[in-house]
Amino acid sequence: MTYDLLLALIAFAFASSITPGPNNLMLMASGANFGFRRTFPHMLGISIGHSVMVTLVGLGLAQVFDLYPITRLILQVISTAYLLYLAWKIATAAPPREGEARGKPFTFLQAAAFQWVNPKAWYMAVYAITNYTPDGGGIAPTLLVAGVFALTNFPSIMVWATIGTQVKRLLSRPRLLRLFNGTMAALLVLTLYPVWFG
């Protein structure tokens, strides 16, 4: 990979990792509801899970979409249903009572598994492999792309969890927390627009 292409890959990985999407909106909601420390496994699951996805896409998984176009529609339907379910869970999350922790943040494995139904994660993986590896694959270039994403993604998503923890201070009243959760849920639903109309 040339120096210029590597810089372009880093820029793409950073821009796509730090901009709003299902992962970042969920991290912000988790930071606000559970704090940074309890959200940390969620962050690790996203970063490592997405790197594994990039690796598998680069090693041939992306060709499944070309060979069986129906799989793309199936993925869209499953992704949409799951994101709508998560949005509902966020919107209806009850504020905790004093000293009581309601609900649980995503675990490492849940966050890693979520990447497989996250439309933005699929887009990032397929685009990166298609545009930053020779002939859309190969072991060494694929591992380089996955490594760049891992190193770029984790600090980017930490920003969103940190914003959530800072917002938490402003959400001490249950009504404000419900409003925040409802807004995060609505934004999560809006991330589905490019899936169907993009």
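Q: Is Ala 112 buried or exposed?
A: Buried means under 20% relative accessible area, exposed means over 50%, and partly exposed lies in between (1.4 Å probe, protein chains only). Ala 112 has a relative accessibility of 14%, so it counts as buried.

Q: What kind of model do these values come from?
A: This is a predicted model: local features need pLDDT of at least 70, side-chain atom pairs count only at pLDDT 80 or more, and totals for chains, interfaces and linings use all residues. Residues are numbered from 1 along each chain as its sequence is written, and side-chain values use heavy atoms, with hydrogens and water left out.

Q: In which helix is Ala 112, and which residues is it in contact with?
A: Helices (H or I, at least four residues) and strands (E, at least two) are DSSP runs, numbered from the N terminus. Ala 112 belongs to helix H6. Contact means heavy atoms within 4.5 Å. Apart from neighbours within four places in sequence, Ala 112 is in contact with Gly 45 and Gly 49. Its C-alpha atom is 8.8 Å from that of Val 52, which is 60 residues apart from it along the chain.

Q: How is the span of a helix read, taking H2 as the case?
A: The expected span is 1.5 Å times one less than the number of residues. H2 (residues 22-34) has 13 residues and reaches 17 Å from its first C-alpha to its last, close to the expected 18 Å. H2 is mostly covered, with 13 of its 13 residues buried. Just after H2, Gly 35 takes a positive phi of about 90°.

Q: Which residues touch the most other members of the largest nonpolar core?
A: A nonpolar core is a set of buried Ala, Val, Leu, Ile, Met, Phe, Trp, Tyr and Cys residues joined through side-chain atoms within 4.5 Å. The largest one here has 28 residues, and those touching the most other members are Met 26, Ile 90, Phe 114, Phe 180, Met 184 and Leu 188. Among the elements that give two or more residues to this core are H2, helix H3 (36-61) and helix H9 (174-190). H2 supplies the largest share, six residues.

Q: What does Phe 180 touch?
A: Not counting residues up to four places away in sequence, Phe 180 touches Met 28, Ala 29, Ala 32, Val 167 and Leu 171.

Q: How buried is Met 43, and what does it touch?
A: Met 43 is found in helix H3. Its relative accessible area is 0%, so it is buried. With residues up to four places away in sequence left out, Met 43 touches residues including Leu 27, Phe 36 and Phe 154.

Q: What is the volume of the largest cavity?
A: On a 1 Å grid over the protein atoms alone, a cavity is a set of points where a 1.4 Å probe fits but cannot get out, and lining residues have an atom within 4 Å of a point. Grid points are joined across faces, edges and corners, and a volume is the space filled by probe spheres set on the points. The largest cavity has a volume of about 100 Å³. Of its 15 lining residues, the closest to its centre are Ser 16, Asn 23, Lys 120, Met 124 and Asn 153. H7 gives the most to this lining, with three residues.

Key: On a 1 Å grid over the protein atoms alone, a cavity is a set of points where a 1.4 Å probe fits but cannot get out, and a pocket is an open set with protein on both sides within 12 Å along at least five of seven lines; lining residues have an atom within 4 Å of a point.
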